[in-house]
Structure formats: C-alpha cells, structure tokens
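Colleague: Please take a close look at one part for me: the place where the two chains meet. Walk me through it step by step, and keep it plain.

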2 protein chains.
Amino acid sequence: MKRSNRLIALTSHFLDHPRQHIQLPHFSDRFNASKSSISEDLDIIDEMFHHEGIGHLERISGASGGVKYIPAYSDEKTTVFINKLCNMLEDPVRILPGGYLYMSDILGDPHMVKQIGRIFASTFANLEIDVVVTVATKGIPLAYAVAACLNVPVVIVRRDPKVTEGSSVSINYVSGSSKKIQTMVLPKRSLPDGSNVCIIDDFMKAGGTITGMRSLLAEFQANVKAIGVLAEADDEEDERVIDDYVSLIKITDVNMKQNQIHVHPGNIKANG
Amino acid sequence: MKRSNRLIALTSHFLDHPRQHIQLPHFSDRFNASKSSISEDLDIIDEMFHHEGIGHLERISGASGGVKYIPAYSDEKTTVFINKLCNMLEDPVRILPGGYLYMSDILGDPHMVKQIGRIFASTFANLEIDVVVTVATKGIPLAYAVAACLNVPVVIVRRDPKVTEGSSVSINYVSGSSKKIQTMVLPKRSLPDGSNVCIIDDFMKAGGTITGMRSLLAEFQANVKAIGVLAEADDEEDERVIDDYVSLIKITDVNMKQNQIHVHPGNIKANG
C-alpha cells in the first residue's frame, strides 16, 4: 500500500477512535509497512491535525508504546463557533411564552452538537474523566458528543426508575428556581464507585438540577471533576447555588415587550 | 501544500461533513491547488473509503458540481458487529428481575452507538430522509448517530410537554403490551409539514410506541419512510402491530430459571 493510501486509512482510523491507544505493530501488520514508514506517516498526520485545529497525535514510547489521537478544538474555532451561536440565539422568533428561548433546533442538529461536544472535551481534556453524566432529556446528545471525544461512557440520570435498568439509587432535592421537591434516580450498576465524573447539561438557571446530581453522585463516591453547560441564564433574582462550572453562552435578557434577546459568550474563555 | 497533506485534510473534512455537497473550487482555494489535482485526490480517497468499508465519494458533474461523502458500513462489518452484539447480550448477568435485559451499558458506549447509527444510515441511505424522530429517552443517542450520518436533524417525541418548547401537538394511544392509555407530545415548530421521516428506537415489543409515534407524525403530514429498532423481543403472546421495520437483533428468550438468554440477528439482512 502506498503512503497516500495509508495516510487516508490512518486518518480515518484516528478520527473514529479518539483517545484509543494503538500499538505501532498493529498498523505495520495491517498496512504491511515498516515501523519507520508508519512513524513518518504519523508525523505528517500530527502536523496536519495541528494545522487543521482538530487536535494532535500523542506518541507513547517504550516497549508497549504506540500512538493516541487527542481531539482538540482550537481557540480560534471555539471563538468563531460561540459567536455564531450567540447570533443564532438572538433571533427574536425564538422567544416563547413565559420568556423562554426556543433552542431545540440547535440541540437537534447533530453537527452543532458534535462541535459543542468537542469544545467541552477540549476544555476537560486533562481531567482524567472516566464517565460523562447527564440528566434526561435535553442534555443527552451533548453528553454523547463530549463522551465520544473523551472515549468514555455516558450515564443518564432519570426522573423516575425504569424496570429495564434494575435496582436504583434515588435522592430527593429542592429545585433551585421552583423550590419544589424533585427526585433523581441512577441504576446501581450504571456507575462504578469512585469514578471521575464530568456533568453535562444543556441549560442552567439557579443550578438546582446540578446540585441534585452532585448529591446523587456522592452516593456512588464519584468525584465531580468538571461541570459543563451549554447555556446559563443570568438571573439576578435567583442566587446561583454552584459556581465551578463552564458555560459556552450566557443569556442575559429575554425581553418579551421589546422583542429582544441578549446572548453573550459564557465563562469558558476565562475558565477553559 | 503537498498531496499527502491535502489527503489528510480532505479525509478529515469528508468524515466530519457526511452528505454535505462541497464544490471543488472550495477545495482548490483552500489548498491552493488546481482542480485536476483535487480531482485526483478525490479518486484516491474514494478508492480507500471503499477499501476500508466506510462509504464512498459521490461526484456531481456540471456547473454547480462537486462532491459528497456518503457514509456506508460494509455488509461484512455489519455482520461482524451484529454477531458481537448478540454475544454480548447473551451474558446471563444481564438478566434483570421481571425477565428484562440490561442494555444500558451498550447504549451508554458512544463508539457502539456510532456503529449502530452507521448500520441504520447505510440501510436507509436512499430513502431521502429529512429528519430522524425518536421518543425519549433511550432511543435518543441512536437517533443522533443515525442523523449524523444522514446529515439531517433529530426531533424528540416526549411523554409530557415542556414550557421551553412552545405550543405542542399531543395524542393519546394504547400501549401495545400494557394496554394502558399513554400520551405523546411534539412541539409544533419542531417538524415541518410533509417531512420524510425515519423513526429510531432502542427496543420494540408489540410496537405500540411506534404506532403511537405514527399517529402523532400523521398530525404533521409526515411520511414515515423507515423504522429502525436496535432490539426486538420475539414475544408470541403479543400480536405485533407493525411489520415494516428493520431490527439489528432479536431477543427470543430470557429464561430466568435456566439463567439463559437467546439473542439472534434481527431482520436487517433480509430487509436491508
């Protein structure tokens, strides 16, 4: 197989297997090429991945050495994407009765979701996350997008137990904004004790849901290493109950009378 | 930029933008290369994508011509994957009280989910699907995986309306297995009238949920072009209410006494 063919096959393999450790002999065998040829291929790919702003190859030397593709989204791409998202969300047709903002189309676009996932995964790249946790329903696609880049599983917290998931641990918590008592459930066998966890959700107001998830995760001795929310609402009436989170955008004002919405980049640049 | 560098950049661009029409001048400008060089690059990539069993490049000639990456999963890869899935599911530790099967770990693995999505997307490749529809919660990751390959949005049917989605259309239907009356809701602005729809779900017993989704989708004048379920239960007591679906696997027997599960490939090979 020629170098040009190998480069295509290797590129597609890396993009499909992020953060997976692959030993060089695997590639030598598969492409019937010397280790030094493969090594040169990897140098070219690493250089191009940097150039394209999509991450890099991590080389591990020694007997059990090999290579791993670490996806990353460049700062430039992140800024462009967040600004685009702010513009999209400031469209007044998004205003719903009650001062809510319609975002389901954005969360329903797999390519947008993939990009959001990459940004969070880049920000949390060095935290040794074992699992991404979200709460049903809207955070689910975002959680999978982050988990795919980090090469870890997703665990979904539910509002009610399901027979198809076996015995569960449940907690009650007080919702931040409505002050109502709510329930959260996680199947016992879904999360190994002591996992390093990243919480992902689509929207945060006072942070009650995330506080609830924290209490539930404490039952599994999990370490919450990171919290990422797509959008935070800047609401002065509500005292925010959490502060160690990363947000992509901040919705500061939904004015139904003037038919205006103000959306700004979130705290990801400062914290990320 | 040298050919080897271009091939890496082009490969990563195609894999990240499935079914997106790209005009050749876009690439000529970006890589500062002649149209004929780009055209040769595309031939090499097309050949390798075939060779790797991950799809092909579709060339569109004429003034507004260009190229499109059509992801596809080879028959060989599909068979290997489905057999692996059957083996995984036959592990007796998966048996839950009530004769249910624990599958959340498989649905929680982003790489497994991606492969399932590719298989459905390959099967439904020529049906001109406009949108993938699923019902909360477990089908959501599968729906996104299919939609990503088809380059279409996802719409999620819910059991209860949400204030953050605006006005909704709801229907009541009779569940196939429990014979209970249930509700389904879809926000009005989530689905354009007359869309070509593909329904994706994780599990089907009698098919009541899918029949319910059909009734709801009829309110939007949608054409249900395809139905894909990860697992179907072969249950003689229940008369199945739908028959035009594609399943990856079929669970024929969960025997709690003998601690045995029988899982077979679904009907995808016959229908796909």
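**Where the chains meet**

Modeller: In this predicted model, 43 residues of chain A are in contact with 43 residues of chain B. Start with the elements of chain A on that side. Helices α1 (3-16), α3 (35-52), α6 and α7 (140-150), together with strand β6, each supply at least two residues of the side of chain A that touches chain B. The largest share comes from α1(A), with nine residues. Now sort the residues of that side by kind. There are 25 nonpolar, eleven polar and seven charged residues.

Next, compare the two copies.

Now follow β6 of chain A, one of the elements on the touching side, back into its own chain. β6(A) belongs to an open sheet of six strands. The order is β6-β5-β9-β10-β11-β12, and the pairing is mixed. β6 (154-157) and β12 (260-265) of chain A stand at the edges. Each has a single partner strand, so one side of each is left without a neighbour in the sheet. From one strand to the next, the twist averages 25°.

The partner of β6(A) is β5 (residues 131-135) of chain A. These two strands pair in the parallel sense over four bridges. T134(A) stands opposite I156(A) in β6(A).

Helix α6 also supplies residues to the touching side of chain A. Look at where α6 (residues 110-123) of chain A sits on the sheet. The helix lies across β9 (196-204), β10 (223-233) and β11 (246-255) of chain A. It runs at about 130° to β11(A).

Turn to chain B and look at its β6 (residues 154-157). In a regular strand the side chains alternate between the two faces of the sheet. In β6(B), both faces are covered. V154(B) and I156(B) are buried on one side, and V155(B) and V157(B) are buried on the other. Strand β5 (residues 131-135) of chain B pairs with β6(B) in the parallel sense, over four bridges. V157(B) in β6(B) is the bridge partner of V135(B). Between these strands, the chain crosses from β5(B) through helix α7 (residues 140-150) of chain B to β6(B). This β-α-β crossover is right-handed.

Notes:
Residues numbered from 1 in each chain as written. Chains lettered and ligands numbered in written order. Predicted model: local features only at pLDDT ≥ 70, side-chain atom pairs only at ≥ 80, totals over all residues. Pairing = 2+ DSSP bridges. Axes fitted to C-alpha atoms, helices over the stretch in contact; angles between N-to-C directions. Contact = placed C-beta atoms within 7 Å. Nonpolar A, V, L, I, M, F, W, Y, C, P; charged D, E, K, R; others polar. Buried ≥ 20, exposed ≤ 12 C-beta atoms within 10 Å, placed from the backbone. Right-handed = clockwise from strand over helix to strand, strands pointing away.
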